[in-house]
Amino acid sequence: MANRVFQGLDSGQLLLIAAAGLVAVAGVAHTAAVGLVRPDIAVGFGALIAIGELARLTMPGNREVAPIGAAAALGYTLLLDLSNVPLDHTALQVVAVIAVGMIAGALPHLAVGRPPRLDAMARRLLTGALLAFAFRPLAGTLYTLTQEPTETWWPALIVMVVLIALTLLADVLIAAMLRAEQVRTAFKVAIRDELRMAFPLGAAVAASGVLLALACHSMDLVALLVFAAPLLVTQVAFRKYAGIRATYLQTVRALSRVTEVGGYVEPGHSRRVSRLSVAIGRELGMAEPELLELEYAALMHDIGQLSLRDPIPGGATVLTDPEQARRIAELGAEVIRQTGVLDRVADLVRRQCDSMAEDPPLSSRIIKAANAYDDLVGGSTDRDRAGAALERLRLGMGGEYDPAVIEAMARVVDRLAPVHRL
């Protein structure tokens, strides 16, 4: 089980996990030594954090999130009082409650053989710890400002918003650094993707956490029950959305194998072209929504071959007549367009045979080059064969193939060939 948990982790992830582990141990040890302040509150919020971890989900881009747990951790961090009774729990106690809650929520997953994403859990813990160490020393002063004679919450709200914004920014930077290493993309592209894909959910969680902390001011621990229901409903909606996205991609992958099962292309061709295309797209700095469209189009780029009476030997369209290859692309695009929801993908497939003079989209240029490479190399990992294929494609640069795409492909092949079978 331990091997499964740590399998595939790079040095950045291991460093993050080690840092989170040290912070968690420090928080738990300190809290065990001095005792819990207001155990009832700590247990209530810890239970909600555990529920959130138990109901965690995976969003597009293989991002593991736990919105309920994150909102509960945020709310506990920002608590100033409970029914007008000031609270003075320390940042280390906040870390201890978050850590114990996360571990409790992960145990049922471990029991059924679903090991946790330790890097994702470590990020959530460190994000909560950063906010706790920044906010809890100010909690007493901010509570005093909310009392007579001023009785204003604006200073506290401003401090909360500023510190949360800084924490979210730090979380985005950490996530971008890890993602840039994991998927081999530029750091600035990873930041852009994190801001676009993860920041909106983070902002919604932050708003929920602030409201939860403010509600406890007048509602006592009943606020946990009041907020738990809408948070659960929201998480169910996110889970359905993520499930639909995953099912959609699985369906496209299944459809792409029809040409292989029918003997029109070599086994594994569509998957290899898809993986190589996405790797090239990342190398060229494409954003995640563009990469998703590229993946769909690359998986189904040969579906037009189903219209052929006599299959092309080996399905190698790079060796066939250019007009026939263009006709196959147009027929495939028409099949995809019939779905009514993949018009953009259909256009990418249709234009994969365009020359550079016709200015096809970047994704179409990538698919054309990746398809030609796999037609020449197939599933082989022989470096000499790969080098010969790249040299052949370079002869067509400027006319048939985009030079930037070919050079990006060369870098990807050189990097991945020793360790992966494209």
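**Exercise 1. Compare the span of helix 3 with its expected span.**

Step 1. Helix 3 covers residues 39-54, 16 residues in total. Helices here are DSSP runs of H or I, at least four residues, numbered from the N terminus.
Step 2. The expected span is 1.5 Å times one less than the number of residues. For helix 3 that gives 22 Å.
Step 3. From first C-alpha to last, helix 3 reaches 22 Å, close to the expected value.

This is a predicted model: local features need pLDDT of at least 70, side-chain atom pairs count only at pLDDT 80 or more, and totals for chains, interfaces and linings use all residues. Residues are numbered from 1 along each chain as its sequence is written, and side-chain values use heavy atoms, with hydrogens and water left out.

**Exercise 2. Find the buried residues of helix 3.**

Step 1. Buried means under 20% relative accessible area, exposed over 50%, partly exposed in between (1.4 Å probe, protein chains only).
Step 2. The buried residues include Ile41, Phe45, Leu48 and Ile49.
Step 3. Phenylalanine 45 has 0% relative accessibility, so it counts as buried.

**Exercise 3. Classify the one aromatic pair of the structure.**

Step 1. Rings of Phe, Tyr and Trp (its six-membered ring) pair if their centres lie within 6.5 Å; planes under 30 degrees apart are stacked, over 60 edge-to-face, the rest tilted.
Step 2. The ring centres of phenylalanine 45 and tyrosine 76 are 5.3 Å apart and the planes are at 40°, so the pair is tilted.
Step 3. Phenylalanine 45 lies in helix 3 and tyrosine 76 in helix 4, so the pair ties together parts 31 residues apart in sequence.
Step 4. Tyrosine 76 is also buried, at 0% relative accessible area.

Key. Helices (H or I, at least four residues) and strands (E, at least two) are DSSP runs, numbered from the N terminus.
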